[in-house]
Amino acid sequence: MIFLTKVLVSFLVALILENLLFTRAIGIPNIYEKLSPSQIFTIGSVLTVIICVSSIPAYLVNNLFLSHSAFEPLLTLSFLLINAAVFIMCYFAMRHFLPKVFEEIQKFLSFYGVNCVTLAPLLIASRMSSGMQFSSFFGYCLGSGVGFTAAMFILWSIRQKIALIHTPKVFRGLPITFIYLGIVSLALFGLLGNQLPA
């Protein structure tokens with residue numbers, strides 16, 4: 001029960017509180033015009049699996065490296081190698097066992113697989129606490145994957161809505177997206193119940 005509680009708390013922290021998810025999702029090429037909601041969900045699911053599977057060896061490596069301070073500079077490189085190895089395994093597993101799904105997202109998957117989307121949750125979770133238990137580490141990585149998928153859906157829906165309205169020429173493209181995202185981020189920030197300074 002305590003394990004599930006820690007996983008849930010870390011999951012919610014990564015899902016709701018981390019507005020960096022929008023900054024990770026905004027730089028994705030062709031998310032607006034070429035991806036359908038089913039492709040976004042599939043890519044988000046695959047990335048979540050990659051993050052969660054990577055969190056297991058990353059947690060072990062994190063504990064090993066933090067116990068020996070001489071190896072700490074190698075932590076990022078080791079996380080990158082773990083992430084790349086898990087991505088390659090998932091890539092070939094999908095290609096072999098789920099060929100239809102693989103064909104649908106193949107051209108997008110190579111870009112998403114090993115980048116800040118899958119590497120950053122491992123690095124952030126390792127920096128949050130040196131004595132973090134596996135449940136918190138795993139829950140944070142799971143929440144980051146689900147949160148990134150939600151951020152991709154939000155960005156996709158924003159672009160769909162913006163395409164239907166007349167936007168002044170100066171604000172077309174990225175400027176209106178940033179304005180819209182700022183409003184959405186403030187709404188999410190308001191869910192926390194934080195008060196403005198008086």
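Predicted model: local features only at pLDDT ≥ 70, side-chain atom pairs only at ≥ 80, totals over all residues.
User: How many helices and how many strands does the protein have?
Analyst: Read along the sequence, the pattern is α-α-α-α-α-α-α-α. The count for the protein is therefore 8 helices and 0 strands, with helices and strands taken as DSSP runs.

User: What share of the contacts in the protein with a separation of 6 or more comes from residues 24 or more positions apart?
Analyst: A contact here means heavy atoms within 4.5 Å. Among contacts with a separation of 6 or more, residues 24 or more positions apart account for 75%.

User: What percentage of the residues count as buried?
Analyst: A residue is buried when its relative accessible area is under 20%. The protein has 198 residues, and the buried part of them is 41%.

User: How much of the accessible surface belongs to carbon and sulfur atoms?
Analyst: The accessible surface of the protein comes to about 11100 Å². Carbon and sulfur atoms hold a share of 73%.

User: At what angle do the axes of H3 and H4 cross?
Analyst: Two packed helices are described by the distance between their axes and the angle between them. For H3 and H4 the axes come within 9 Å, and the crossing is right-handed. Residues in the contact include Val53, Pro57 and Phe65 of H3, and Phe79, Val86 and Met94 of H4. The axes cross at roughly 145 degrees.

User: Is Leu74 buried, partly exposed or exposed?
Analyst: Leu74 is found in the loop between helix H3 (37–67) and helix H4 (75–97). Together with Leu77, Leu80 and Leu81, Leu74 makes a nonpolar surface patch of about 350 Å². Its relative accessible area is 41%, and values between 20% and 50% fall in the middle class, so Leu74 is partly exposed.

User: Is Thr167 buried or exposed?
Analyst: Thr167 lies in the loop between helix H7 (134–164) and helix H8 (174–190). Not counting residues up to four places away in sequence, Thr167 touches Ile162, Arg172 and Ile176. The relative accessible area of Thr167 is 6%, and the cut-off is under 20%, so Thr167 is buried.

User: How far apart in space are Ala150 and Ile40, C-alpha to C-alpha?
Analyst: Ala150 has its place in helix H7, and Ala150 is partly exposed, with a relative accessible area of 30%. Ala150 and Ile40 are 110 residues apart in sequence. Their C-alpha to C-alpha distance in space is 9.3 Å.

Key
Residues numbered from 1 in each chain as written. Heavy atoms only, no water. Patch = residues over 30% accessible without salt bridge, like charges linked within 9 Å, V, L, I, M, F, W, Y side chains within 5 Å. Areas by Shrake-Rupley, 256 points an atom, 1.4 Å probe, with all protein chains shown as cover. Salt bridge = Lys/Arg side-chain N within 4 Å of Asp/Glu carboxyl O. Helix = DSSP H or I, 4+ residues; strand = E, 2+ residues; numbered from the N terminus. Buried < 20%, exposed > 50% of the residue type's maximum accessible area, 1.4 Å probe, protein only. Axes fitted to C-alpha atoms, helices over the stretch in contact; angles between N-to-C directions. Left-handed = near helix turned anticlockwise from the far one by under 90°.
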